[in-house]
Amino acid sequence: MAPSLLRPASQSLHLAPPCADAAADRGRSRSAVTIGGSRTLSVSLRVGGSSRREFPCTTMASRDHSGLTRQLLDFQHGTVDEIDGERDPFKELKARFMDFKQRNCVDNNSNYQNLAQQQTPKFMVVACADSRVCPSSVLGFQPGEAFTVRNIANLVPPYQHGASETSAALEFAVNTLEVENVLVVGPSRCGGIQALMSMKSKQDDSQSRSFIRDWVSIAKSARLSTEAAAGNLNFELQCRHCEKESINSSLLNLLTYPWIEKKVNEGTLSLHGGYYNFIDCTFEKWTLVYRPGLEGGSKYAIKNRSTWS
């Protein structure tokens with residue numbers, strides 16, 4: 001079991017090829033597009049301000065995605081008009097994007113031209129996929145400042161776990177981008193940690209296959225440490241404790257990657273934990289101390305702990 005650092009330290013879219021009778025339907029102004037098992041959606045395509053282009057064929061199930069890519073290439077400057085009366089969920093996103101473009105790209109074009117050539121972030125951030133806790137919004141990261149990967153419960157699997165999107169992101173950030181800091185950020189009210197703390201027995205762990213269950217099991221040691229240290233508390237408080245415990249578990253897992261341990265020992269890479277409580281909007285930050293040659297004591301400690309409130 002990894003030592004606790006919390007104790008005081010000394011559905012898809014498939015399109016078929018064009019229908020054989022496409023020419024007979026060329027006069028129609030609408031076409032039917034079937035998405036998975038959903039109802040038919042009438043769409044029309046307006047290309048570059050010209051008259052609408054027609055899609056007279058109903059799509060069929062297919063595993064061939066090359067047709068989709070060809071359509072994107074053929075109509076990359078077009079826009080789709082939804083005419084079934086439903087609210088377009090992307091309308092507001094478009095307005096936000098145009099505002100972003102003006103403020104960040106047009107008004108600061110030189111910076112974006114530099115970023116187009118290379119990225120040199122100082123931070124690699126491992127954060128939770130929770131929609132309420134975007135690290136760029138919380139910490140104000142600007143484009144080019146943080147290489148970020150988000151997953152359920154902001155977990156870092158150990159090196160022995162094998163390939164994962166998180167380990168691939170770490171390898172690229174540390175070895176190629178040569179970031180100077182890895183920051184693991186966890187939020188309050190984390191659903192992944194609640195799922196982890198709900199796994200109370202081996203029988204529970206062997207229930208029907210769940211990707212979430214399999215993933216959060218990476219942090220079993222944090223759950224066990226929490227039960228030992230805060231087992232007398234109610235479930236909510238146990239989860240709060242485990243949210244921080246799992247961050248420290250991930251920090252220790254980072255050191256199982258040989259190239260991370262090497263850079264930490266050389267002093268060219270620092271490992272940090274962060275806890276964002278979005279209920280009262282506070283942020284706790286700390287840095288991991290690793291002393292591999294230490295005998296007769298813990299190799300791990302924390303320093304530079306502070307709370308921003």
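These legends describe close-up views of a predicted model. Local features need pLDDT of at least 70 and side-chain atom pairs count only at pLDDT 80 or more, while totals for chains, interfaces and linings use all residues. Residues are numbered from 1 along each chain as its sequence is written, and side-chain values use heavy atoms, with hydrogens and water left out.

**View 1. Cys128, Asp130 and Cys190 carry the UniProt feature "binding site" (unreviewed entry).** UniProt positions are in the numbering used here, with shortened feature names, and annotations may be inferred rather than shown by experiment. The residues are spread over 63 residues of sequence but cluster in space, with a largest C-alpha distance of 8.2 Å. Of these residues, Cys128 is included in the lining of the largest cavity. A cavity is a set of points, on a 1 Å grid over the protein atoms alone, where a 1.4 Å probe fits but cannot get out; lining residues have an atom within 4 Å of a point.

**View 2. Cys190 lies in the loop between β7 (181–187) and α6 (191–197).** Helices (H or I, at least four residues) and strands (E, at least two) are DSSP runs, numbered from the N terminus. Cys190 is buried, at 1% relative accessible area. Buried means under 20% relative accessible area, exposed over 50%, and partly exposed in between (1.4 Å probe, protein chains only). Leaving out residues up to four places away in sequence, Cys190 touches Cys128, Ala153 and Glu243; contact means heavy atoms within 4.5 Å.

**View 3. Asp130 sits in the loop between β5 (123–128) and α4 (135–139).** Asp130 counts as buried, with 13% relative accessibility. Its contacts are Arg150 and Arg189, not counting residues up to four places away in sequence. Asp130 also forms a salt bridge with Arg132, with the closest N and O atoms 2.7 Å apart. A salt bridge is a side-chain nitrogen of Lys or Arg within 4 Å of a carboxyl oxygen of Asp or Glu. Arg132 is partly exposed, at 44% relative accessibility.

**View 4. Arg189 and Glu236 form a salt bridge, the closest N and O atoms being 3.8 Å apart.** The pair links distant parts of the chain, 47 residues apart: Arg189 is in the loop between β7 and α6, and Glu236 is in helix α10 (residues 235–254). Arg189 is partly exposed, with a relative accessible area of 42%, and Glu236 is partly exposed at 45%.

**View 5. Helix α2 (residues 91–106) includes Met98.** Glu92 and Arg96 meet in a salt bridge (2.6 Å, N to O). The two residues are about one helical turn apart because they are four residues apart in helix α2. Met98 is partly exposed, with a relative accessible area of 41%. Together with Phe97 and Phe100, Met98 forms a nonpolar surface patch of about 280 Å² accessible area. Patches are made of residues with over 30% relative accessible area and no salt bridge; like charges are joined within 9 Å, and nonpolar side chains (Val, Leu, Ile, Met, Phe, Trp, Tyr) within 5 Å. Accessible areas come from the Shrake-Rupley method with a 1.4 Å probe; for residues, only the protein chains shown count as cover.

**View 6. Asn154 has a positive phi of about 45° although it is not a glycine.** Most residues other than glycine have a negative phi. Asn154 lies in the loop between β6 (146–151) and α5 (165–176) and is buried, at 2% relative accessible area.

Key
On a 1 Å grid over the protein atoms alone, a cavity is a set of points where a 1.4 Å probe fits but cannot get out, and a pocket is an open set with protein on both sides within 12 Å along at least five of seven lines; lining residues have an atom within 4 Å of a point.
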